[in-house]
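Reader: I have a model open and would like to go through the labels attached to it. Could you tell me what stands behind each one?

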Amino acid sequence: MKGVYVAIASGSTEKTAIYKMENANRINSEVQPFCGAFGDINDLRCSCIEQAKKTTENRINSKIDEVLHIGDTPGDAMGAIFAHATPIVVETGEYRKKDFPNFATVIKNMEDGIDVILNTVKSLQKRKGQFSI
């Protein structure tokens, strides 16, 4: 997908976050290389998202117009909103659909939700130019 970049924004350490992304091979195979911001440097999730966006903008030397944040906690969804990102949350942790804010798109897992993720990217990409997940 041209103009789409993966930037990890995680409350986890960098090592743990990259391990989690190994399960998202289809995303990684369809987008350009990623950057990241992690919890071992940023205390707030929204700060991780904002820093990942800035890191990606610096790396590609261009402005990112839209950000999609995929997480697995209610705090991930709230952090996305505070960072002006579109939230998608995954029911892979201890939380289920009833636990997430109504504004977040909820998917059961990355494998079953991949089409939702990619369709959201395509939809947002139509509205804007550069994009970061």
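Reader: Why is Lys98 called exposed?

Author: Happy to start there! Exposed means over 50% relative accessible area, buried means under 20%, and partly exposed lies in between, with a 1.4 Å probe and protein chains only. Lys98 has a relative accessible area of 71%, so Lys98 is exposed. Please keep in mind that this is a predicted model, where local features need pLDDT of at least 70 and side-chain atom pairs count only at pLDDT 80 or more, while totals for chains, interfaces and linings use all residues. Residues are numbered from 1 along each chain as its sequence is written, and side-chain values use heavy atoms, with hydrogens and water left out.

Reader: How do you know whether Asp76 is buried or exposed?

Author: Its relative accessible area is 4%, so Asp76 is buried. Asp76 lies in helix 4, residues 74-82; helices are DSSP runs of H or I with at least four residues, numbered from the N terminus. Leaving aside neighbours within four places in sequence, Asp76 is in contact (heavy atoms within 4.5 Å) with Arg45, His69 and Gly71.

Reader: Where is Phe82, and why is Phe82 called exposed?

Author: Phe82 is in helix 4 too. Its relative accessibility is 53%, so Phe82 counts as exposed.

Reader: What makes a nonpolar core, and how many residues does the largest one have?

Author: A nonpolar core is a set of buried Ala, Val, Leu, Ile, Met, Phe, Trp, Tyr and Cys residues joined through side-chain atoms within 4.5 Å. The largest has eleven residues, among them Ala9, Cys46, Ile49 and Val67. Helix 3, residues 45-60, gives the most to this core, with four residues. A second, separate core of seven residues includes Leu68, Ile88, Ile107 and Ile117.

Terms used. Helix = DSSP H or I, 4+ residues; strand = E, 2+ residues; numbered from the N terminus.
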